[in-house]
Amino acid sequence: MDENLQNDPEIIVRVENLTKIFPGVVANDRISMDVRKGEIHCLLGENGAGKSTIAECLYGTYRPESGRIFYQGKEIHLSSPRDAINLGIGMVHQHFEMIPPMTVMENIVVGTESKGMGLKLGAATEKVERICKNYGIVLDLNAVVSQLPVGKQQWVEILKALYVGAKFLILDEPTAVLTPQEIDKFFSILKKMTKDGLSIILITHKLDEVMDISDRVTVFRKGKNIGTVNTSDTDKADLARRMVGREVVFRVTREEIEPGDVVLELKNVHALKKTGVLGLNGVSLSVRRHQILGLAGVSGNGQREIFDVAVGVRQAIKGEILLDGENITNLSPRVIMNKGMASIPQDRIVEGLCMDFSLYENIILGNQHDRPFSSGFFMNSSRILTFAQKKIKEYDIMCSHPSQSACCLSGGNLQKLILAREMAHKPKCLIAGQPTRGLDVGAIEYVHQRLLEMRKAGAGILLISEELDEIFGLSDYIAVIYKGEIMGTFKNGEVTVEEVGLMMAGIRENAA
Ligand SMILES: Nc1ncnc2c1ncn2[C@@H]1O[C@H](COP(=O)(O)OP(=O)(O)OP(=O)(O)O)[C@@H](O)[C@H]1O
Ligand SMILES: [Mg+2]
């Protein structure tokens, strides 16, 4: 039976000529596509190509201007996500929102039952437990959602859909918040779900993932469907070409440069996690000018704490941090920034941007009181606008106007906005937390080149990344962090990907 379902050519969702317009942009331009029963169908496309938009149309968040949607052979008209949920359509959003102070079970029931939550909870728990057991999902159903790591929070959305018997799941960049190990597990569960007849649209920028998991791929470019291919008929280079419209190099060339003086130094730094337990246990690191130090590690092992203490938003309870030889330990973020530190926060929506502000305000955020944007009391709006326009062009930020508010940008374009701001000046030191998360291949290539240019210009860069390709492609030195301690620091080339992988899991073999 499983076989049958997998090979069944029957269509679960068909979209015909769907158009969705936002002020100044045709986000989906007469899109036609279909999803087969039991398949994993990847949606691929540059940042701003319209992937999230069509997903939201299929989930009833947005109402398309024109076009038709068929579900299980019948035309449907969705006026809200509730309509979609009732039909068995589930979705994990790119920036998902749950009701954090509630438990997992409460979130599931609140989103799906209209009344009598108290009464329903008991029976519901049993059903959800059964689903978890069936798929091997490990999740504490009584945990308060805000206390779960994001990777786990995502399961809440998926369980919500399965709980109401979803037939069709839309996953918008679900792997962006998962560690490599979690991704493997996640994919094997998705595969099992499709064997049970579930159909999935998966949006991702990671071409390896597309090749690994999907049955078919549809590529979007500037709001249009460029075509659907069988995954077995394509490869990474071909997909990248379809997406970007040109050849993409997957690895930038890093020229050897003589390093300069130490610009950032952490000496025996200790810091607490938000929960009050020790997050950094005597971390020592140093980054020189003209140098990139890659910090590899599974997220949650102290990367956030290192970032925070270095930029001044978390106390170091012991140890010292030096910027260009000057002790900056526990100074304010503003003072540290003025001394030449720039940073790309890993949790950009929360920390890096004001979503209600315009693009040009966001692009100078933090520098609004400085020349050339301000002279004493007054902001120089024409200078700010010119600067913003230049950055929007350079970073290819897809928007209709600089005065548009940030909340209208696509996920990847938001990331580009922060990069444009933080990489604009000539910082002595840049701490880059997951700088290319959520970016399309073309944009990743651009950002990698920019990081290397900054290195050439003399900056010292601490690159925090879970992508080993990125770490190995850019770094002069590689440090591995595990449970708040540095497992070792190595010259790039003197350690293998496998060895780093082992150290990320806490196994120190040749590290001494
Ligand atoms: N709520 C909105 N208001 C105005 N414009 C929007 C809104 N949502 C999206 N857009 C615009 O529609 C276009 C498509 O955006 P969408 O979010 O669908 O892109 P995407 O393919 O998901 O990109 P990414 O890979 O960066 O997430 C973009 O130009 C974006 O700025
Ligand atoms: Mg998107």
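**Figure 1. Ser475 in the loop between helix H17 (468-474) and strand E21 (477-482) of the predicted model.** Helices (H or I, at least four residues) and strands (E, at least two) are DSSP runs, numbered from the N terminus. Ser475 is buried, with a relative accessible area of 0%; buried means under 20% relative accessible area, exposed over 50%, and partly exposed in between (1.4 Å probe, protein chains only). A polar atom of the Ser475 side chain lies 2.7 Å from the backbone oxygen of Ile471. Such a polar contact is a pair of N or O atoms within 3.5 Å; within protein, one must be able to donate a hydrogen and the other to accept it, and residues adjacent in sequence count only if both atoms are side-chain atoms.

Residues are numbered from 1 along each chain as its sequence is written, and chains are lettered from A and ligands numbered from 1 in the order in which they are written. In this predicted model, local features need pLDDT of at least 70 and side-chain atom pairs count only at pLDDT 80 or more, while totals for chains, interfaces and linings use all residues; side-chain values use heavy atoms, with hydrogens and water left out.

**Figure 2. The surroundings of ligand 1.** Ligand 1 is surrounded by 22 residues, of which Gly48, Lys51, Thr53, Ser410 and Gly412 are the closest; a residue is near a molecule or strand if one of its heavy atoms lies within 4 Å of it. Polar side-chain atoms lie 2.6 Å from an oxygen atom of ligand 1 in the case of Thr53 and 2.9 Å from an oxygen atom of ligand 1 in the case of His205. A polar backbone atom of Cys408 is 3.0 Å from an oxygen atom of ligand 1. Taken alone, ligand 1 exposes 630 Å², and the protein buries 91% of that; accessible areas come from the Shrake-Rupley method with a 1.4 Å probe, and for residues only the protein chains shown count as cover. Strand E2 (25-36), helix H2 (51-58) and helix H15 (411-422) are the elements that give two or more residues to the shell. Domain 1 (2-244) and domain 3 (352-426) each supply at least three residues of the shell, the domain bounds coming from an automatic or database domain assignment.

**Figure 3. The magnesium ion (ligand 2) and its protein donors.** Ser52 (OG) and Gln94 (OE1) coordinate the ion at 2.1 to 2.2 Å. Because Ser52 lies in helix H2 and Gln94 in the loop between strand E6 (89-92) and helix H4 (104-112), the pair ties together parts that are 42 residues apart in sequence. Donors are N, O and S atoms within 2.8 Å of the metal (3.2 Å for Na, K and Ca); water is not among the atoms, so sites may look incomplete. Ser52 is partly exposed at 24% relative accessibility, whereas Gln94 is buried at 18%.

**Figure 4. Helix H10 (residues 303-311) and the residue that follows.** Eight of the nine residues of H10 are buried, so the helix is largely enclosed by the rest of the structure. Among the buried residues are Glu305, Phe307 and Asp308. Gly312 follows H10 and has a positive phi, near 95°.

**Figure 5. Positive phi at Glu173 and Gln434.** Glu173, although not a glycine, has a positive phi of about 50° and is placed in the loop between strand E7 (168-172) and helix H7 (180-195). Glu173 is buried, with a relative accessible area of 10%. Gln434, also not a glycine, has a positive phi of about 45°. Gln434 occupies the loop between strand E19 (429-433) and helix H16 (441-457) and is buried, at 6%.
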